[in-house]
Amino acid sequence: IIFSFIFLSVSLHSEMENGLRGISIFAAGIFAGAATALSVISVPALQQQQNYPEDFWTHFKTMYPRAKAVQGCLAIISGTTAVASAVIGSKAQDPPCWAMIASGTAMLAMWPYTVFAMYPTNNTIMEKEGYPKVTTDTERDQLARKWDALHWVRTAASLGAFGLMLYSTLCMRK
């Protein structure tokens with residue numbers, strides 16, 4: 001009975017770690033894919049439109065509320081499950097453990113980065129009260145390009161975190 005209990009405990013422990021790892025990789029992959037699509041496809045396409053930067057601003061105002069909810073949830077889910085899988089599963093000295101902690105931390109860091117670095121720009125584009133009013137196309141262009149540069153940081157960080165999660169999983173399988 002004791003042997004069965006120990007075996008079941010170890011088995012469930014391993015299944016929980018694998019489940020959390022799978023969730024973290026899935027959420028990070030969706031986040032990174034969406035961020036990459038925006039940075040590589042949508043923003044450059046909008047910049048080539050005849051009515052740029054007005055088209056960017058119109059698109060941003062419809063896209064941002066949706067993306068904010070989805071990307072925020074994905075960052076939290078991916079980050080917390082990555083760290084939890086490392087805490088539950090690996091030995092502290094193992095590279096897969098540290099890779100999952102680092103990638104989970106990178107995903108969780110999306111929240112403070114977005115709040116402190118991007119919200120002022122986002123809120124200005126959304127024309128929220130208390131933020132500067134932007135009236136000329138030159139100002140709109142500058143702000144759109146600033147947002148694009150800020151967003152590239154999120155894109156690169158999420159791609160790095162996703163890659164590190166995959167690396168960690170491959171190292172764990174050896």
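## Overall fold

The protein chain holds 5 helices and 0 strands. Read from the N terminus, its elements run α-α-α-α-α. Helices here are DSSP runs of H or I with at least four residues, strands are E runs of at least two, and numbering starts at the N terminus. This is a predicted model, in which local features need pLDDT of at least 70 and side-chain atom pairs count only at pLDDT 80 or more, while totals for chains, interfaces and linings use all residues. Residues are numbered from 1 along each chain as its sequence is written, and side-chain values use heavy atoms, with hydrogens and water left out.

## Burial and contacts across the chain

Of the 174 residues in the protein chain, 36% are buried. Buried means under 20% relative accessible area, exposed means over 50%, and partly exposed lies in between (1.4 Å probe, protein chains only). The chain exposes about 9700 Å², and carbon and sulfur atoms supply 69% of that area. Accessible areas come from the Shrake-Rupley method with a 1.4 Å probe.

Take the contacts between residues at least 6 apart in sequence: 80% of them join residues at least 24 apart. Contact means heavy atoms within 4.5 Å.

## Packing of α2 and α4

Two packed helices are described by the angle between their axes and the distance between the axes. Helix α2 (residues 54-89) packs with helix α4 (residues 110-125) at an angle of about 165°, and their axes lie 12 Å apart. Axes are lines fitted to C-alpha atoms, for helices over the stretch in contact; angles run from 0 to 180 degrees between N-to-C directions. α2 and α4 are therefore roughly antiparallel to each other. The cut-offs are under 35 degrees for roughly parallel, over 145 for roughly antiparallel, 65 to 115 for roughly perpendicular, and oblique for the rest.

On the α2 side, the contact is made by Phe56, Trp57, Phe60, Lys61, Tyr64, Lys68, Gly72, Ala75 and Ile76. α4 contributes Met110, Trp111, Tyr119, Asn122, Thr124 and Ile125. By class, this contact of α2 with α4 has 10 nonpolar, 3 polar and 2 charged residues. Ala, Val, Leu, Ile, Met, Phe, Trp, Tyr, Cys and Pro count as nonpolar; Asp, Glu, Lys and Arg count as charged; the others, Gly among them, count as polar.

## Backbone exceptions

Most residues other than glycine have a negative phi, and most peptide bonds are trans. The peptide bond from Tyr52 to Pro53 is cis, with omega near 10°. Pro53 sits in the loop between α1 (2-47) and α2.

Glu127 is not a glycine, yet has a positive phi of about 60°. Glu127 belongs to the loop between α4 and α5. Its relative accessible area is 39%, so Glu127 is partly exposed.

Asn123 is in helix α4. Its relative accessibility is 9%, so Asn123 counts as buried. Leaving aside neighbours within four places in sequence, Asn123 contacts Lys128 and Tyr131.

Thr169 lies in helix α5. At 14% relative accessibility, Thr169 is buried. Residues up to four places away in sequence aside, Thr169 touches Arg21 and Ile25.

Met172 is also found in helix α5 (residues 137-173). Its relative accessibility is 23%, so Met172 counts as partly exposed. Not counting residues up to four places away in sequence, Met172 touches Glu17, Asn18, Arg21 and Pro96. Met172 and Cys97 are 75 residues apart in sequence but 8.8 Å apart in space, C-alpha to C-alpha.
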